[in-house]
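Let's take a guided walk through a protein model. Have a look at the sequence and the fold first, and then we'll go through them together.

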Amino acid sequence: MTSVNTRTAKIERSTKETSIAVSVNLDGTGAFDISTGVGFFDHMLEQLSRHSLIDMDIKAKGDLHIDDHHTVEDTGIAIGQAIAEALGDRRGINRYASLDLAMDETLTRAALDVSGRPFLVWQVEFSAPKIGTFDTELVREFFQALAQNAGITLHVSNLYGANNHHVAETCFKAVARTLRHAIETDPRQKDAIPSTKGTLKG
């Protein structure tokens with residue numbers, strides 16, 4: 001449910017494959033309490049929370065005896081749904097943001113529109129199928145689920161980079177920083193929906 005006075009929401013999602021509970025505060029400080037059973041994924045979600053300044057409490061239990069896919073995708077779905085619910089009618093937000101984010105030898109660009117129209121453009125390649133035990137293809141699956149369920153048009157491009165950990169981490173950090181700016185209140189139009197259509201519901 002969404003709080004009347006603050007942009008917060010809680011989502012619980014349960015299937016035969018996963019059980020996910022997510023709560024977010026869009027106007028937080030980047031505080032997090034995250035446990036998915038997938039260590040590298042937890043690390044990436046911590047970056048997403050810290051650099052977006054969205055407080056996130058995420059608890060996920062999934063069929064990890066099969067692989068990490070369901071847990072990662074369903075967590076992305078739940079986070080996206082929570083963000084969409086907390087945004088409400090998206091009144092007063094900046095809406096758009098873009099950023100080039102550097103980390104050592106790696107540079108990644110993220111651009112997004114909190115449009116209500118979900119779309120993902122993904123121009124990121126990894127040179128190995130795994131980072132530790134984590135499947136690198138799941139990075140895209142997470143952002144696809146997030147964008148689809150948050151109602152965000154999201155473009156992510158890795159311009160260059162040699163270390164796959166850095167490539168993945170810059171994706172999460174770049175999306176976090178752009179999301180932070182896009183959902184912040186624009187003081188010049190804090191009571192207006194930033195669209196000539198008068199709606200950001202698709």
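Two strands are said to pair if DSSP finds at least two bridges between them. Helices (H or I, at least four residues) and strands (E, at least two) are themselves DSSP runs, numbered from the N terminus. One thing to keep in mind is that this is a predicted model: local features need pLDDT of at least 70, side-chain atom pairs count only at pLDDT 80 or more, and totals for chains, interfaces and linings use all residues. Residues are numbered from 1 along each chain as its sequence is written, and side-chain values use heavy atoms, with hydrogens and water left out.

Now for the hairpins. Strands E5 and E6 run antiparallel and are joined by eight bridges, and E1 and E2 are an antiparallel pair too, with seven bridges. Here they are, laid out by strand:

| Hairpin | Strand ranges | Bridges | Residues between the strands |
|---|---|---|---|
| E1 and E2 | residues 8-14 and residues 18-25 | seven | three residues |
| E5 and E6 | residues 96-103 and residues 106-113 | eight | two residues |

You can pick out partners across each pair. Arginine 13 has isoleucine 20 in E2 as its bridge partner, while aspartate 100 sits opposite arginine 109 in E6. In the turn between E5 and E6, look for aspartate 104, which has a positive phi of about 50 degrees.

Zoom out, and the protein has four helices and 10 strands. Starting at the N terminus, their order is β-β-β-α-β-α-β-β-β-β-β-α-β-α. How does the radius of gyration of the protein agree with that of a compact globule? A compact globule of 202 residues would be near 17 Å, and the protein has 16 Å, so the two agree. (The radius is taken over C-alpha atoms, and the globule rule is 2.2 Å times the number of residues to the power 0.38.) Along the principal axes, the C-alpha atoms fill a box of roughly 45 × 40 × 30 Å.

What about the inside? Of the 202 residues, 53% count as buried, meaning under 20% relative accessible area with a 1.4 Å probe, protein chains only (exposed is over 50%, partly exposed in between). Valine 175 is buried, with a relative accessible area of 2%. Leaving out residues up to four places away in sequence, valine 175 touches Leu48, Ala110, Leu112, Phe143, Leu154 and Val156, where contact means heavy atoms within 4.5 Å. Valine 175 and leucine 112 are 63 residues apart along the chain, with their C-alpha atoms separated by 8.1 Å.
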